Amino acid sequence: MPTAILTGQPVPGSSIEGDLRSLGFDVRLADGSADTEALLAAVPAQDRVAVVDARFVGHLHALRLGLTDPRFPLAAIPGALTAQPAGRPALTRALARENSASGGTALVVDSLADRVVTGLDADGEGVHRPELGSLVAEVPADPQARNEARQAVASVDDEAVRLKSAVKARDGFFTTFLISPYSRYIARWCARRGLTPNQVTTASLITALIAAGCAATGTRGGFVAAGVLLIASFVLDCTDGQLARYSLQYSTLGAWLDATFDRIKEYAYYAGLALGAARGGGSDDVWALALGAMILQTCRHVVDFSFNEANHDATANTSPTAALSDKLDSVGWTVWVRRMIVLPIGERWAMIAVLTAATTPRITFYALIAGCAFAATYTTAGRVLRSVTRKARRTDRAAQALADLTDSGPLAQGVARVVRGKGGHLAPLSAAVGVVLVVAGSWLWGPGWWTVLMAGAYVLASAEAVSRPLKGALDWLVPPLFRAGEYLTVLILAAKSGVNGALPAAFGLVAAVAYHHYDTVYRIRGNAGAPPAWLVRAVGGQEGRTLLVAVLAALLTAPQFEVALTVLAVAVALVVLVESIRFWVSAGAPAVHDEGEPA
């Protein structure tokens with residue numbers, strides 16, 4: 001049980017003890033710094049501890065934000081600080097130093113909590129300070145100041161602020177105006193009934209899978225139900241994050257669920273539409289469109305991830321294009337237009353739901369691919385312009401992140417060691433040449449040894465692209481180019497095999513590999529590094545899998561190739577999922593929660 005140590009002279013009529021107990025703290029009273037140090041030492045090392053000035057005046061939600069957020073080892077607001085087990089040693093040292101300086105006497109004027117925070121800052125400890133906005137958190141020095149602080153507390157609706165802060169600060173138009181106005185109240189309803197964000201996330205996944213099942217029936221009623229359920233799943237998807245922010249229920253498991261379930265839901269729905277089209281009256285085969293939509297969407301995300309990682313901590317990070325973007329953002333309506341045309345998840349799912357209910361799966365995929373292609377072109381072009389006009393130096397951390405995102409296997413790494421330092425180097429050009437060769441070869445010759453030769457050339461080009469640190473202005477294009485090369489090769493060879501089950505098997509293989517790539521992204525975002533080297537070797541790396549698929553297509557008959565793709569998909573999925581689950585449920589996994597642009 002977490003412990004809160006109240007320091008200083010108690011104030012008659014103060015609600016601070018009751019507020020702390022309502023947040024789950026066991027409250028102890030301390031007369032001064034020496035007493036506080038003794039009480040701190042008595043708290044079990046595995047428990048959270050807070051030091052709060054007894055004169056504190058403020059909103060309950062300010063205390064909640066400052067003292068209960070599980071993501072930060074050390075956090076503070078005026079008059080209060082907290083330490084989780086990882087931050088306890090730093091707090092103990094700072095408090096011991098303060099006790100020595102003050103002689104252990106009771107503090108009447110100064111706030112012990114604030115003095116300790118100052119000491120932690122001086123030690124270089126990362127003390128998180130939440131954004132309070134209009135919320136009040138003060139330690140009044142006299143009765144008049146206390147009265148004014150209490151009036152300030154009374155003038156602000158704590159619950160209204162809490163509800164507002166539950167909504168993601170930056171979101172799409174559809175989510176902001178058509179979902180969040182009521183989903184935040186669903187989040188509060190869930191919080192008051194003890195539901196957790198993980199339970200809501202799981203409900204969203206189940207709803208989406210049921211929607212996919214309805215779409216797979218191939219009937220008009222099934223398509224209508226699928227569209228309605230997909231929107232319901234999205235409402236729950238918004239609710240889980242809002243519930244986490246409302247109640248500060250962040251967790252490593254929740255981070256993993258939040259990071260991966262959106263993709264699972266969307267791609268399962270694509271599969272449901274493809275099954276429904278095949279089972280419907282027209283027996284329409286749209287598996288190639290479903291796989292194409294998944295490839296396009298995944299490559300879009302990798303463009304976003306790679307660009308952001310490349311520029312995460314770049315120096316001299318300015319460009320005329322970025323300045324123009326900032327200027328456009330200052331004009332209100334352009335913000336929403338620009339957020340809508342990139343087709344974020346809210347707009348995308350709404351479009352899919354409406355088209356599913358009103359049209360056919362083929363039309364739905366045509367519209368989805370067209371919209372995503374336009375959005376990808378718009379965002380990629382803007383980022384290329386920013387990159388070529390920006391005078392920035394990429395760091396070693398950014399180069400390593402891009403290298404991890406390339407998913408280079410033993411073949412590319414082995415050849416890269418041989419060619420490193422020989423001749424000129426332009427990573428995006430090498431990657432692009434390799435992609436053109438293998439994709440064009442697959443398209444022109446289909447399953448055959450000429451395609452295998454092109455896949456071998458792709459391995460060499462991949463190795464040359466990663467033979468040096470990816471610090472060039474456009475080197476962030478290398479990971480999405482590799483994604484396009486691998487995924488499109490699988491799609492084309494499956495389509496040209498001429499057997500009905502090859503494309504569904506290829507869909508499963510690309511889905512399993514894409515999961516691995518998303519998992520890599522979220523590990524990097526959490527500063528946990530790439531997946532272990534053995535996992536990359538076990539699944540072959542992107543160039544190894546591309547070459548293997550080309551060889552299998554050339555060696556095997558069409559039915560055998562279908563079986564081989566299925567076996568490969570199952571094998572990759574099992575290895576990747578087992579390691580991913582092991583990592584994300586482990587104690588060392590980072591709690592990554594996406595608060596940035598909608599995906």
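**Two helix pairs to look at**

Let's begin with helix α22 (residues 502–525) and helix α25 (residues 558–584), whose axes come within 8 Å and cross at roughly 20 degrees. Axes here are lines fitted to C-alpha atoms, for helices over the stretch in contact, with angles from 0 to 180 degrees between N-to-C directions. α22 and α25 are therefore roughly parallel to each other (angles under 35 degrees count as roughly parallel, over 145 as roughly antiparallel, 65 to 115 as roughly perpendicular and the rest as oblique). By class, 17 nonpolar, four polar and four charged residues make up the contact of α22 with α25.

This is a predicted model, in which local features need pLDDT of at least 70, side-chain atom pairs count only at pLDDT 80 or more, and totals for chains, interfaces and linings use all residues. Residues are numbered from 1 along each chain as its sequence is written, and side-chain values use heavy atoms, leaving out hydrogens and water.

Stay with α25 for a moment. Its buried residues (under 20% relative accessible area, with a 1.4 Å probe and protein chains only) include Phe 561, Leu 568, Glu 579 and Trp 584. Among the elements covering the buried residues of α25 are α11 (252–279), α21 (478–496) and α22.

Now find helix α3 (residues 60–67) and helix α7 (residues 158–165), which pack at an angle of about 40 degrees with their axes 8 Å apart. α3 and α7 are therefore oblique to each other. Here Leu 60, His 61 and Arg 64 in α3 meet Asp 158, Arg 162 and Ser 165 in α7, where contact means heavy atoms within 4.5 Å. By class, that contact has one nonpolar, two polar and three charged residues.

Technical notes: Helix = DSSP H or I, 4+ residues; strand = E, 2+ residues; numbered from the N terminus. Nonpolar A, V, L, I, M, F, W, Y, C, P; charged D, E, K, R; others polar. Buried < 20%, exposed > 50% of the residue type's maximum accessible area, 1.4 Å probe, protein only.
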